[in-house]
Amino acid sequence: MRGNLRLGSLAVRWGFSLLLLLVIGQYHGVLAQETFPVNGVHNEQQGSYAFTNATIVKDHKTQLDKATMVIKDGIIIAIGYEVKIPKGAIILDLEGKYIYPGLIDMYTTYGIPEAKKKESTRRAPQYSTNVKGAYGWNQCLRTDFNANEHFKLDTANARKMRALGFGSVLAFRADGIARGSSVFVTLSNEKENEVVLLDKASANYSFSKGTSTQNYPNSLMGSIALMRQTYLDAGWYAQAKQNEEYNITLESWNQLQDLPQIFEVRDKYSVLRADKVGDEFGVQYIFKGSGNEYQRLDEIKATNGSFILPINFPKAYNVENPFDALQISMTQMIHWELAPSNPAFMEAAGIEFALTTSGLKNKKSFWKNLRKAIDQGLSESTALAALTSVPAGLLNVDHLVGSLEKGKIANFLITSSNLFEKDNIIFQNWIQGQPYIINNVWNDIRGTYELNIETLQPLKLKLTGKYTKPSAQVITSDSTKKKASFKKQETLLTITFDYVKNKDDSIGQKVRMSGLITSDRWSGRAQLQNGNWVNWSATFVEPFEQKDKKDKKTTVKHTIDQVMYPFSSYGWKEKPVQQSVLFKNATVWTNEREGILLNTDVVIQNGKIHAIGNNLAAPPGATTVDASGMHLTCGIIDEHSHIAISRGVNEGTQAVTAEVRIGDVINPDHVNLYRQLAGGVTTSHLLHGSANPVGGQTALIKLRWGYSPEKMKFENTDQFIKFALGENVKQSNWGDLQRVRFPQTRMGVEQVYYDVFTRAREYENRWKAYHSLSKSKRKKTVSPRRDIELDAIVDIMNSEMFITCHSYVQSEINMLMKVADSMGFRVNTFTHILEGYKVADKMKNHGVGASTFSDWWAYKYEVIDAIPYNGTILNNVGVVTAFNSDDAEMGRRLNQEAAKAVKYGGLSEEEAWKFVTLNPAVLLHIDDRVGSIKIGKHADVVLWTDNPLSIYAKVQQTYVDGILFYDSKKDLEYREMINKERMRLMNAMSGAKSKGEKTTPPEGEYDILYKCDTIESEN
Amino acid sequence: MKKGIYILILFLMAGFIASAQQIPAKDQSEAIVLVGGTLHVGNGTVIENAAIGFNNGLITFAVDVSTIKLDPTTARIIDIKGKHVYPGLISPISVLGLNEIDAVRATRDYRDVGQYNPELRSIIAYSTDSRVTPTVRSNGILIAQITPQGGVISGTSSIVELDGWNWEDAVVKMEYGVHLNWPGMFSRSGWWAEPGSISLRKDYISKIRMIEAFFTQAKAYSTSKVKEKNLKFEAMRGLFDETSKLFVHANYSRQITSAVEFGKKFGVKIVIVGGRDSWMLTDMLKENDIPVILTNVHSLPSRSDDDIDLPFKTPKLLHDAGILYCLSYKRSWQQRSLMFVAGTTAAYGLTKEQALMSITSNTAKILGIEKIVGTVEDGKDATIIVSSGDVLDMRTSNIEMAFIRGKEIDLDNKQKALYRKFKTKYEDQGIYKN
């Protein structure tokens, strides 16, 4: 720093800065630590400065022209007009220059050592934490980490950040789900003791497990469940006051709760997920966004959260090879186009946000990207607020930083112009009252000089180009121009050029000049080609005038209307609305006593099936669809699906994970939702995988394409939970390393159930006992610990949650029914259930339904006896039977699967059709609303070109709640639109490339299609 | 009475034996004529009310009934009025007999250690006793190319008929295909909970160079006088004298393009297997006369921007461009649904007869067995099936009879036996309602 200052002190041409820098060159020690002994003679100096005639931008709303600011001992003591300048203050005239508050980045890891993952030597799963000490059970919870204890000055990074204009940052460690506390520091190079402004600035969180080697959680829903349970545990712990146990993790968790709570997410939907968890526990997070918030702006706004937004906008893709370019989806390209508009869209939506450098691979691109965002409509005042007052406010440090006001810390920038202007130069970044020179060009030396070199004809020296690094030309009296090499190091000048007398002088001679800048005259000695030494001098004539670059960069401003819902191919821009429709002359598969009705009319209205009959009149405003030759059915219900799930379908890390919920991780953006609508599916039951005996809670969705995760959920339904038996839960096919987790046999599986149900019963009893205490007694008693895993199990036993159980062989099927019988509840559904036909009688007696595959077998040992007649036998014995997909591809051909019950076992077509409609509705307890064409039921209907069981049948239209979500005609328009849009965007990317923008090779998006047994990424 | 019981017991025992394992059929012992059915020749034509005669394993005539006179004394005449006759269906890429249970390592015999294994011969591992095969056969698939998997060159495939006592009985064509898995162009990063991206592999080119080096040596070996025998190169000989074909497994456009160039460079006949993007390259495929085995019809589109029915209509796109193609289907046990894959293509642009060709005559051409099977025509093997209805639609597809070289095939299988067993159980309990 001192070095900087010393250099700075020479970088002057006009007197005042010389003075300034001579003074501050000696200035140090204001910040010396009181408690530290001094080796030598104390040299503390109090300094006050007055900055006069500056344009002072106090905050994003207030600008003072020709104003004065006075600082003393690192604090602003006065600001405004008619300010009294204290005696002894150093006065700096900032005529023509600007003062801005120092910028704040509230999301950095500055000065915090990175967490390193300990490479585990054994590769078998690690079930318990390997952190020694009185900590909590899960390694992802690092609430004990206090950044202030680990913060160390990092001058190299501080310098980079200062160069951008930042004066203070929040620093945290980006590791784990609960990441402990952060520290708020300035970017000064002083000792850490001086730099820390706030020891505990925020508590930070994410859904990413970070360096934890413990296997739980290994899915997003597991991370969410862990957050939830920890809130409950911490609440209980606070109440128990260490009487039950001492736990540093929970102790610190509770201590962190009063701080601002910052939650980092990777995606817009995770904002909603985190917000939901926060709402459950009365916490409002500040979200560190991912930059795609604009894709769900309404829901994002509804969180009421403030945001920290990155500006690491994606690079254009290299689309030169058209085949490789196919790898990039339209939405990736649109995101490239719209990402720079994210801040502008957020501003327009009235959402408060701070901006961060986080995520920028090269921090130097900060200003370039920020200007991109401004070009896209982000206002300068919001941008400034996002870098000053907003982060200061969010972190409760606005009494210290974030604006220029009396009493605040003297963190400010001196700039050449408006901070956001393209050519603006940050000269100095003052932090805690100390200047750091950013651009050593206090003055603009560009312009024309008269250059006199002894023995040579008079010349002109012209300095043009960049303010910070001018380029030089030497011009003769007859306007012959010669390029000169021009170097300026502080006040030392080195100029070299080829001297010619005039334009006819073709030979020329080398002139080498060395000189010094003293005030506004330059002079020195030069050596000519003949070896002679001569004197030279240059005198300033006129300043450089920037030619008005015709700013023809007409940036196309993007609008929020370009966003489609969902943000996927085939997403809509115009929200489809509920319609009244009259279907004329259809073959109607009612699934009711009426059977299949020929030449029948059906009216749907207000989202319900309104009328069925002949010669029905179209209600006012209704669309009439000529359905002659076509078949109308209710929508297909897939009892077992894993589509539209984000980041993990299995939390298969423990034998029992009843606490996780698929409903937390619905991903409405997946194109398979649309493809399945095109296969006639209207309702899907999204299941947890089958990696453990008790899996997670399921989610039932309607395929409302383009709706938010919450709005896709089927309203008012019973909650289901996934159980699983057999090879998957025994981990039979997971390789030899997976031999650690109990159970490894079917015998073990049974005991897992008895154990968990027994524990749950005891748990329920503890709560009952607690609730039966008198009010006063209850106050004195520590309540039992809430356990969301056991809550779910209790619900099962009380028939408030229902089991759908992955199962194959008859022994285990029988076992689970016996377990249920002995615990006083009923298994609702066996899914897969490929040996169900062997115990159909027992199943019927138990009252359990079957949701099976039509004809799968031979893929593992336990399905060796699977037969395609299974469905028929079960049905004919009287078990409610369905066919499911468990497969995103087959999910769009479930009508064909149903037809296999006709082929294998000769079921009637009407009964077979119920396998994918009414029967799954019964199994899911929604047959009162869907599953047949009946007046009053939901208008979830599908129009087919042919008998729906036929291989030749195609879907014409699919309605959900009377809303047309798939239309084969509209589909063709989408295809054309996708094609056009792709070409437009590819051209735009090529254009960006030819303008010199950096591009990145084509990279596709990772698209995992889950099945039950997806336990690892498909590499 | 007692005798009756014995007979009943004998009958039941026979039933149990049959259910445990189907007995390979005996050679055709008498001339047979199927009369009155609808004949789908397999070349696009249909003969309503047909008469199909076959003797000594060969078809002697396949004509309209009205054009011939039937003599019941010289042939067994079977009335199949209302039923449909098709050529026996062919599965062009299959691990039937090499793989019994996917997840059980001991039952997997289709992939060995190493990257370049042309010497591996699928035929010797082919099990005629697989319990899976009868379930495929009873749906009408009578011929399959048994194909090894894995590595860069997986090995050599052979074509078998799905009946026989052992692999020597079953073989139709020995060592016909060498299977090359074209190197993947893309790699993925991240894991499910924190997914990364799909990007171009950096080692793609170097992998291709390795394959070229291997083929260069193999070709040189095939034309020079051999001093030391190299089993790998011996297995490649057929490619260079064109007695066998190179089946290149490739889906992505640039892979296919490179594979075609590769075939030209080494002068080998290639077939593209997979062929997802083949529809983009029809001019090039046509020009070089490259057939395609589509394995991904019942699949999701590979890209989110694709037409949602792209895999379903790819056959139509190839058909219109005049490319010879046929259909294949996934895992061994799933191949019994091959005909429904063809049915789907008929819903997406093709006629039913065109769709049928993609699992019969086209397949035979690609496998080089079109002179003996693939259509129901005079002089060809009597490898035919009789269905009670349209074989391509599961509503009606029900194979009642099947003949391989005139041998009448047992259409029972383990699954039907289990069906009977448990149906009987519940019928006896009086709880089964038909």
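**Domains, cores and the A–B contact**

The centres of domain 2 and domain 3 of chain A, taken over C-alpha atoms, sit 86 Å apart. The model is a predicted one, and its chain A is split into domain 1 (1-31 + 46-116 + 133-444 + 555-563 + 975-1019), domain 2 (447-543), domain 3 (566-635 + 931-961) and domain 4 (636-730 + 796-809 + 817-928). So much for the layout; next come the pieces.

In chain A, strands β20-β21-β22-β23-β24-β25-β26-β27 make up a closed barrel of eight strands, with antiparallel pairing. Ignoring direction, neighbouring strands of this sheet are turned by 30° against each other on average. Strands in a sheet pair through backbone hydrogen bonds, and they can do so parallel or antiparallel. A glycine meets a glycine here: A:Gly515 has A:Gly524 of β26(A) as its bridge partner.

Turning to the nonpolar cores, the largest one takes in 377 residues, and A:Met69, A:Ile99, B:Ile52 and B:Ile272 have the most contacts inside it. Helix α6 (residues 220-240) of chain A supplies the largest share of this core, with eight residues. Another core lies apart from it and holds 23 residues, including A:Leu451, A:Ile453, A:Phe497 and A:Met513. Nonpolar side chains tend to be buried together in soluble globular proteins. As for what surrounds B:Ile52, leaving out residues up to four places away in sequence, this isoleucine touches B:Val33, B:Leu34, B:Leu39, B:Ile59, B:Ala62, B:Val85, B:Val376 and B:Ile384.

Helix α21 (residues 788-797) of chain A has A:Glu789, A:Leu790, A:Ala792, A:Ile793, A:Val794 and A:Ile796 buried. An α-helix has 3.6 residues a turn, so residues three or four places apart point the same way. The packing partners of the buried residues of α21(A) are β35 (694-697), β37 (719-724), α19 (746-771) and β38 (801-807), again of chain A. After α21(A) comes A:Ser799, with a positive phi near 55°.

That leaves the place where the two chains meet. Chain B puts 52 residues in contact with 63 residues of chain A. On the chain B side, two or more residues each come from β10 (186-191), β11 (194-200), α7 (253-266), α10 (338-347) and α13 (414-429). Sorted by class, this side of chain B consists of 24 nonpolar, 16 polar and 12 charged residues.

Note on methods
Residues numbered from 1 in each chain as written. Chains lettered and ligands numbered in written order. Predicted model: local features only at pLDDT ≥ 70, side-chain atom pairs only at ≥ 80, totals over all residues. Core = buried A, V, L, I, M, F, W, Y, C linked by C-beta atoms within 7 Å. Buried ≥ 20, exposed ≤ 12 C-beta atoms within 10 Å, placed from the backbone. Helix = DSSP H or I, 4+ residues; strand = E, 2+ residues; numbered from the N terminus. Contact = placed C-beta atoms within 7 Å. Pairing = 2+ DSSP bridges. Axes fitted to C-alpha atoms, helices over the stretch in contact; angles between N-to-C directions. Nonpolar A, V, L, I, M, F, W, Y, C, P; charged D, E, K, R; others polar. Domains from an automatic or database assignment.
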